2 protein chains.
Amino acid sequence: MSSETNNNATAVSAAEGVEEDESKNPSSTGTTISKKAAKKEQMKLEKKKRQEEAAAASAAAALASAELESDPLSGNYGDIPIHELQSKEVTQRKWNEIGSLDENLKDKEVLIRGRVQTIRPVSKTIAFLVLRQKGFTVQCVVTAAPELVSKQMVKYASSLNKESIVDVYGIVSKPNEPIKAATQQVEVQVSRLYCINRAIEKLPINFEDAIRSEAEIEAAALENKQLARVNRDTRLDYRVLDIRTPAKQGIFRIQCQVENIFRNFLISKGFVGIHTPKLIAGSSEGGSAVFKLDYKGQPACLAQSPQLHKQIAICGDFNRVFEVGHVFRAEDSYTHRHLCEFIGLDVEMEINEHYSEVMKIVDELFVAIFDGLNENCKKELEAVGKQFPFEPLKYLRETLVLTFKEGVQMLQEAGVEIGFEDDLNTESEKKLGQLVLEKYGTEFYILHRYPLKVRPFYTMSCYDDPTYSNSFDVFIRGEEIISGAQRIHDPEFLKTRAEACGIDVQTISTYIDSFRYGAPPHGGFGVGLERVVMLFCALQNIRNSSLFPRDPQRLAP
Amino acid sequence: MSSETNNNATAVSAAEGVEEDESKNPSSTGTTISKKAAKKEQMKLEKKKRQEEAAAASAAAALASAELESDPLSGNYGDIPIHELQSKEVTQRKWNEIGSLDENLKDKEVLIRGRVQTIRPVSKTIAFLVLRQKGFTVQCVVTAAPELVSKQMVKYASSLNKESIVDVYGIVSKPNEPIKAATQQVEVQVSRLYCINRAIEKLPINFEDAIRSEAEIEAAALENKQLARVNRDTRLDYRVLDIRTPAKQGIFRIQCQVENIFRNFLISKGFVGIHTPKLIAGSSEGGSAVFKLDYKGQPACLAQSPQLHKQIAICGDFNRVFEVGHVFRAEDSYTHRHLCEFIGLDVEMEINEHYSEVMKIVDELFVAIFDGLNENCKKELEAVGKQFPFEPLKYLRETLVLTFKEGVQMLQEAGVEIGFEDDLNTESEKKLGQLVLEKYGTEFYILHRYPLKVRPFYTMSCYDDPTYSNSFDVFIRGEEIISGAQRIHDPEFLKTRAEACGIDVQTISTYIDSFRYGAPPHGGFGVGLERVVMLFCALQNIRNSSLFPRDPQRLAP
């Protein structure tokens, strides 16, 4: 078969896809939000449509079953009733992985379970199915043959709904021409075909639309062809379909890998993984940006960071700790990089004499993460790049460390108006990222000695200049991704600094008291897991790297 | 020095410890809660005391500093001012780990940083300090010697507060007799001594009281000696001190190890680690036991389990997933095994034909965890056992699997009144644990095919008997620790079951709809991290294995 035919089929359903999306959200770009009312109406319509479809499907099934009765080979295909799937028995059957199908299995019988990605009926006697499993695909051929495969079976195959789960028994064969429609270079000549679970006929997102890159859509537009663009809200509403795409599969497998390397690296350096509470008494220092709740009659809030508790762990002799856990921010930020809930990668450690010890950990840890991803996630990175093309991250073997002053100076020299005690805004961070890349050839660097006034009250000020602090930020591709610092471990100094920052010391007495029982000098940092993945893959939007993102306008699914 | 002297010293401060605890909470046992009002008053008193102490300390410091001026060797000791600890400079100094001090370093100069665990002034010319770091301790000797160590320095050493952080420079020596007061079998002959951070003089918990086992207290009581018992609430109020004890250090390092083995084992079996949202729209199916909050004007609640989202991940083609994350339960349970917030270890996976595939993962995973702890955490388990003695867990190389019916039959034969469709209560679970241990020699086993009516609506019923379900619980030492099952993956069947359970299908339409786009048969299980640690070490109370526990009466620190 030619991949051309396939492409045409895609174009057809793609056009439908456009219609659907546009009607749903007429003026939408990727991030525009459709109005609630329109959405509700749409949901109602969809539900009605779904009910009608279900009725139609069951009518069709009844008709089909009538036809089947007359087929002596009807036992070779059909929908498996749910009753048969209730752990009926343990058989000796072995399922072959689609990814493992190759020439070595030629002429052997295999049993595979997969999702029907495409269905192409060629005639009454032949139909092609492409099955997908774990990112691998294989072409299955249903050919009518006397006493083996009936025409009804070909018809049955053609009538399956895309994205249904099927079991296929068949013989592996090797076609003469390379197969473009699937990842595996062998075909399966189907002898039996059973549907394990049928997807509804009209899916809210078509797989072939969901995997399309912007570039493809734009290239087609230049030739006056309109290809469907599935907008972000549709993707997030039907996340269960969206995450089946190779790019999303890749993204979340990369995310898991980031966490693994983070944990393993730190454990190898003597860190202990801990878990700190997310339910906190009172309302956290952060003020308005916290989610408040009632805890058995007490006012409580969700932790905005594990700051206090990871510091208690250090004062409690754990020496070096990390946490991977949820962080909650009730901020009203609706940007490409903010979420109301994300996974924080937090680190806290004793320091002997200088916060550069913390920066050294950041350096080694992130080089380990980047190296690890490049080495172990080649397939995933390729899958992501196919839909969201990006240049591999440029980073040095030893991370570049600049002072804040040096950064500001670079900006000033490039004509940016900024003072030595101003904080960097998003724009100047981007600009500095460009300048650093040009001068040092890296998109990953550390900026330290920030002005004290732009950091939290518990940040240690510099030994030689109290205007600055023993703190740092870390940037990937011009965006801040990590904040860290030496903390004030002396309770009296901490009190003084809190007062200087206008904080009512009474409200943070628990925090301050934690340092009264002998506290070692220490420091640490925090980073968002989703941001690491987003920026490593240049994904543009953090909703692409959060499995079920939460922002001020989204709380589902 | 003899350890006898040390023990006497312990007894003295222990007696003080008792007084303090008793006055704080006169009628208290380990779990009794002192009244709020009394606590507040106590807090006030403590604060006042603390202020007075601070004043006294600074007066003493002033006096001391006057004395020091006359000491030409005053540069060899003293409190390091905070200013000097603000990352002053990066020197070439190397700190030796206390745990690495041994005979190989004899006659060498070392620099160590540690916490002052005990102080024993012997005379005006000699004082012993025991320093602690990462669970290791070393005895340091300050001996007055002309032109090296002044009498003022000996006095300074004697005046340090316990639990303060100090830097010690000294020469390693090997005494003739074995050292009982410390883990390291060498001493450090101190030449310089600097206090990095001073603990307050009167600590709310004495270290020597905090490490004492029940057995020691009871043995002493038989001889009419009263040793301090630090009750649980005091420990939790001052968790920063409590977690410094070897037992607690061990517990939380074991906890980290459980998580590591869990992750590594599952990753080796093709699972992907995911993170699901904890902020959920509406109020979860669980009803009253959820924490509710306002999410930007929408009613929301905290996730009671990642059930829906881990199932979406399976329907989203991740094939096998796990999550390590917070779980929130607003239940009013004040028992030894319930928390309002804990770490869930959740697993969900496609199954080919039978839920025994899930039980097989449970079997292999937990044997791997138990083996891993026994192999890699010897030191930690020993430290835990010293304070909380326990028998090593008995488990088989291949986990025992019994049906629920078999379990009930064993109970019936032992005289317990229970029917074949009743749920097990805590008492019968304990009893069954005993019976299983006697008959099969294991404290870890799986019980499956529970009555359908005692399981959630989404549990798949048995193929051969709809009274029972494809579900299982797993027990350690007679307590339920894991719940798992095959899930219903068919939307229509799911709807039928929800209705049969009296659930308004409208409220769970998102859940049901997730299965409309092709859903593979699947199953999974969930387990609480804190419970695994508690039951493996037979800790009696889950508050011992949660770093900062949350129960209906505790929301701090």
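**Close-up views of a predicted two-chain model**

**View 1. A strand pair in chain A.** In β17(A), Gly524(A) is the bridge partner of Ala485(A). Strands β16 (residues 479–486) and β17 (residues 522–528) of chain A run antiparallel and are joined by five bridges; strands here are DSSP runs (E, at least two residues) and helices are too (H or I, at least four), numbered from the N terminus. This is a predicted model, where local features need pLDDT of at least 70, side-chain atom pairs count only at pLDDT 80 or more, and totals for chains, interfaces and linings use all residues. Residues are numbered from 1 along each chain as its sequence is written, chains are lettered from A in the order in which they are written, and side-chain values use heavy atoms, leaving out hydrogens and water.

**View 2. The whole sheet of chain A.** Eight strands line up as β7-β11-β12-β17-β16-β15-β14-β13 (chain A) in an open sheet with mixed pairing (strands pair if DSSP finds at least two bridges between them). β7 (272–273) and β13 (400–403) of chain A sit at the edges with a single partner strand each, so one side of each has no neighbour in the sheet.

**View 3. Two helices in chain B.** Helix α8 (residues 246–268) and helix α10 (residues 356–376) of chain B pack at about 135°, axes 9 Å apart (axes are lines fitted to C-alpha atoms, for helices over the stretch in contact, with angles from 0 to 180 degrees between N-to-C directions). Contact means heavy atoms within 4.5 Å, and the α8(B) side includes Ile254(B) and Phe265(B), with Leu365(B) and Gly372(B) among those from α10(B).
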